[in-house]
Amino acid sequence: MLWEAARVISRWLGEIPLVRRHYEGIGSILLFHRFVPPPREEWPALPPWHQPHKRLSALWKYYHPRWNEARADALCISPRQLERLILTLRHKGYTFVPLDTLLAAIYQPDPPHRLVCLTIDEGYTDLCTQALPIFERWQVPFTVYVVVAYAERRLFPWWLGLEDLLRQSRAFRLGSELYQPDGWAARGKLLLRLKARLIQYPPEEACGLVEQALRAAGLPVEPYYAATLDWAALEKLARHPLCRLGAHTLTHPCLPMLSEARAWEEIAQAKAILEARLGQPIRHFAYPYGSVEAVSLREVKMLEAAGYVSAVTTGGGSIYPEHRAMPYGLPRRRILEDSKAADLYRPRQRRLVAYPYAVEGKTA
Ligand SMILES: [Zn+2]
């Protein structure tokens with residue numbers, strides 16, 4: 001509640017022109033994951049009053065904050081809300097540009113303002129079915145960060161399966177451990193805990209554990225493998241005039257946890273495979289998970305050596321001219337169903353976000 005009040009006040013402060021100018025920077029890179037229309041038919045096990053588009057959802061959110069913040073499908077936006085946001089930003093004077101244009105603006109002596117760049121992680125299939133028609137209607141360019149093993153159908157985004165497991169099964173085993181969460185709040189806490197643990201595992205192992213548990217619970221695993229775009233869809237997307245593709249590693253690991261050789265493989269081979277398969281230069285990179293813990297200066301050096309020109313994190317913030325010295329630590333704003341246009345310029349604790357640079361610089 002307090003946090004929400006602080007957000008409303010800072011949004012209001014951001015409307016003051018000088019304050020707005022200070023915090024909006026050159027522009028923002030927006031981060032999307034899934035585009036899911038209401039009603040969420042693909043989530044049949046959700047209690048109906050849990051769906052954000054239903055009236056009681058605010059009450060549900062208030063009483064079950066742990067479950068709510070833990071949900072993987074909280075990283076969704078409905079197509080209706082996406083279109084509304086695009087139109088609101090246009091109305092407020094923002095211009096939608098490709099990532100390369102935004103990067104070029106950083107290097108200009110007198111950079112423009114109010115540029116917005118759309119990026120999508122993983123590339124779930126709903127990008128093509130739900131969001132693409134909207135991007136085409138309003139001519140909005142976008143960048144998709146692709147995980148090679150998901151396109152190859154070798155691995156899947158295990159967090160989707162884990163969430164369904166918690167939602168649909170009262171007791172399940174993950175490896176040798178048995179879990180029996182009681183109630184939605186307990187499930188939310190457990191989901192957060194298990195996600196934090198599985199992020200540290202090699203992705204093959206995390207996927208294997210979740211797959212095994214899904215099968216034991218009698219749940220199908222095929223939908224999770226089919227949740228992201230395959231090579232055929234990506235090849236089609238690569239030819240789309242509004243789309244640019246970037247790399248999101250081979251298998252979606254937490255990079256700093258890997259050995260030097262394996263991390264290099266994840267970074268360099270992803271670029272080589274995507275370029276060979278999709279026939280366009282891959283110059284942009286997104287760190288898996290993108291948090292402070294999932295990004296380090298070692299990867300920055302590797303990205304530069306591999307020939308990438310930019311890398312994005314999930315640290316929320318605007319893009320400033322200062323980022324020209326830190327192109328492998330660009331912040332992005334996560335856009336969810338309740339995000340507002342005013343979030344792009346509201347005052348924040350830290351104006352400039354550019355980890356790993358700033359974080360490691362501080363601790364060194
Ligand atoms: Zn990702």
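This is a predicted model: local features need pLDDT of at least 70, side-chain atom pairs count only at pLDDT 80 or more; totals for chains, interfaces and linings use all residues.
I started by counting elements, and the protein comes to 16 helices and twelve strands.

Next I looked up burial across the protein. Of its 364 residues, 38% are buried.

**Strand E6**

I picked strand E6, residues 142-146, and asked myself: how many of its five residues are buried? Five of the five are, so E6 is largely enclosed by the rest of the structure. I also sorted the side each residue points to. Phe-142, Val-144 and Val-146 go one way from the strand, while Thr-143 and Tyr-145 go the other way. Both sets are buried.

**Who pairs with E6?**

I went looking for partners. One is strand E5, residues 115-122, which is joined to E6 by five bridges. The two strands run parallel. To get my bearings in the picture I found Thr-119, which stands opposite Thr-143 of E6.

Strand E9 also pairs with E6, again over five bridges and in the parallel sense. My landmark here is Val-146, whose bridge partner in E9 is Ala-247.

**Strand E9**

Since E9 had come up, I checked its burial too. E9 covers residues 243-247, and five of its five residues are buried, so this strand is largely enclosed by the rest of the structure. Which residues sit on which side of E9? Cys-243, Leu-245 and Ala-247 are on one side, with Arg-244 and Gly-246 on the other. Both faces are covered.

**Helices H5 and H7**

Last stop was a helix pair. H5 is residues 79-91 and H7 is residues 126-137. Their axes are 10 Å apart, and the helices pack at an angle of about 20 degrees. Angles under 35 degrees count as roughly parallel, so that is what I wrote down for H5 and H7. The crossing of H5 past H7 is right-handed.

Which residues make the contact? From H5 I listed Pro-79, Leu-82, Glu-83 and Ile-86. From H7 I listed Gln-130, Ala-131 and Ile-134. Sorted by class, the contact has five nonpolar residues, one polar and one charged.

Note on methods:
Residues are numbered from 1 along each chain as its sequence is written. Axes are lines fitted to C-alpha atoms, for helices over the stretch in contact, and angles run from 0 to 180 degrees between N-to-C directions. Helices (H or I, at least four residues) and strands (E, at least two) are DSSP runs, numbered from the N terminus. Angles under 35 degrees count as roughly parallel, over 145 as roughly antiparallel, 65 to 115 as roughly perpendicular and the rest as oblique. A crossing is left-handed if the near helix is turned anticlockwise from the far one by less than a right angle, and right-handed if clockwise. Two residues are in contact if their C-beta atoms, placed from the backbone, lie within 7 Å. Ala, Val, Leu, Ile, Met, Phe, Trp, Tyr, Cys and Pro count as nonpolar, Asp, Glu, Lys and Arg as charged, and the others, Gly among them, as polar. A residue is buried if 20 or more other C-beta atoms lie within 10 Å of its own, exposed if 12 or fewer, and partly exposed in between; C-beta atoms are placed from the backbone. Two strands pair if DSSP finds at least two bridges between them.
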